[in-house]
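Open the model in your viewer and keep the selection tool at hand. We will go stop by stop.

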Amino acid sequence: MKRVRFNSLCILPSQLESCMLDSQENESNITINDFILLKTLSKGAYGKVILARKKNTSDLFAIKVLEKDKMIEKNVMEYIHNEKNILMKKEDKTTEKNINNEFIVRGVYSFQSKKYLYMVMEFMKGGDFNNLLTNFNCFDEETAKPYLA
């Protein structure tokens, strides 16, 4: 196992296990070791989203790190598979159309280790709509119009 390095972050002993990753190569040969993990952006029921910089390009990405055991335990594998297809803009089998929407973050890579599933997405400064709504609590009519259109 390799230890993934978090820049400028204090890692508590309880968090150390999530930094130990068993990398497996996938078809595009991208692994978690191709990224410098910078900081945790958010945490959820099945994992967390981490801000990361790709080593060879210095581009910023948001990496959703999902624990396979938790997803299986909660029986949400189909939802995660659908999310991956939407992020990667794959064909929707029910409509036979490619998913392409400027309001949906674009997935760039997906890969897995023995313990985790990784979805690498465009980094959108400011976070998701829920985060925006939580920070502002309420929008005036002019601000709300683009989101409701």
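Strands here are DSSP runs of E with at least two residues, helices are runs of H or I with at least four, and both are numbered from the N terminus. Two strands pair if DSSP finds at least two bridges between them. This is a predicted model, where local features need pLDDT of at least 70, side-chain atom pairs count only at pLDDT 80 or more, and totals for chains, interfaces and linings use all residues. Residues are numbered from 1 along each chain as its sequence is written, and side-chain values use heavy atoms, without hydrogens and water.

**First stop.** Select residues 107-112, strand β8, and residues 116-122, strand β9. They run antiparallel, joined by 5 bridges. Which residue in β9 is the bridge partner of Y109? Pick V120.

**Second stop.** Select β3 (35-43) and β4 (47-54). These strands pair in the antiparallel sense, over 7 bridges. Click I36, then its partner R53 in β4. This is a hairpin too, with 3 residues between β3 and β4.

**Third stop.** Look for the largest pocket, of about 1100 Å³. Select V105, M124, G127, D128 and F129: of the 35 lining residues, these are the closest to its centre. Elements that give two or more residues to the lining include β3, β4, β9 and α3 (129-136).

A pocket is an open set of points on a 1 Å grid over the protein atoms alone, where a 1.4 Å probe fits, with protein on both sides within 12 Å along at least five of seven lines; lining residues have an atom within 4 Å of a point. The volume is the space filled by probe spheres set on the points, which are joined across faces, edges and corners.
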